[in-house]
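Hi,

Here is the structure I promised to pass on.

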Amino acid sequence: MRARLLQEREQWAASALHPAAEQALAAHLRDVVLQLEPDRLGLYWPLRSEFNAVLALRADARTASLPCALPWARKNPRSMEYRAWNGEEPTLTDECGIPGCAGPTVVPDVVLVPCVGYTRRGYRLGYGGGYFDRWLAEHPHVTAIGIAWSASEVDFVPEPHDHPLAAIVTERGVVAE
């Protein structure tokens, strides 16, 4: 399922419908972030055809100046932390090859989580490493918001280690049950 969703997402990103969908998702995301009023927002640096939340939030003065953090992952032991981020393009990559930064470790109160797939009940299908699930289990007080394209909605039975997200933001709006 994951491989199929990733392939479909790549095709979607190359379609003529993608630019308008990006604008719609950006507007919905900014609304959600403004409603949540985070003290520190955990972002992700987009890979492949993931939605670019960084650009979406920088495009609006109300969200551009929020204190932010980027995740930093380690392979052994498999773990993740957030590091305070100054907003400059990352020059480092973590052990998983994901762009990150060298700031001090912080715990954001709201985190944006990229989704390969998601369920209407708020469960996320990621890349399969379990990094976000482990981090969210260690930080149950954090509000986690998934970011996905509406076409990646699927139905799957969550596993015991899966943590539902507070909501999923898509180009069609906010999914939350």
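Glu22 is partly exposed, at 31% relative accessible area (under 20% is buried, over 50% exposed and anything in between partly exposed, with a 1.4 Å probe and protein chains only). Glu22 sits in helix 2; helices here are DSSP runs of H or I with at least four residues, strands are E runs of at least two, and both are numbered from the N terminus. Setting aside neighbours within four places in sequence, Glu22 contacts Phe51 and Trp149, where contact means heavy atoms within 4.5 Å. From Glu22 to Phe132 there are 110 residues in sequence and 24 Å in space, C-alpha to C-alpha.

His18 belongs to helix 2 too, but His18 is buried, with 8% relative accessibility. Not counting residues up to four places away in sequence, it touches Trp12, Ala13 and Trp149.

Before you go further: this is a predicted model, so local features need pLDDT of at least 70 and side-chain atom pairs count only at pLDDT 80 or more, while totals for chains, interfaces and linings use all residues. Residues are numbered from 1 along each chain as its sequence is written, and side-chain values use heavy atoms, with hydrogens and water left out.

Strand 7 (residues 110-114) and strand 10 (residues 143-147) run parallel, joined by 5 bridges. Val111, for instance, has Ala144 in strand 10 as its bridge partner.

Next, the backbone. Most residues other than glycine have a negative phi, and most peptide bonds are trans. The bond from Asn76 to Pro77 is cis, with omega near -5°, and Pro77 is in the loop between strand 2 and strand 3. Glu37 has a positive phi of about 50° without being a glycine; it lies in the loop between helix 2 and strand 1 and is exposed, at 62% relative accessible area. Arg48, also not a glycine, has a positive phi of about 45°. Arg48 is in the loop between strand 1 and helix 3 (53-58) and counts as exposed at 59%.

Last, what lines the largest pocket? There are 33 lining residues, and Arg124, Gly126, Tyr127, Gly128 and Gly129 lie nearest its centre. On a 1 Å grid over the protein atoms alone, a pocket is an open set of points with protein on both sides within 12 Å along at least five of seven lines, where a 1.4 Å probe fits, and lining residues have an atom within 4 Å of a point. Strand 2, strand 9 (124-125) and helix 5 each give two or more residues to the lining.

Cheers

How values were computed
Pairing = 2+ DSSP bridges.
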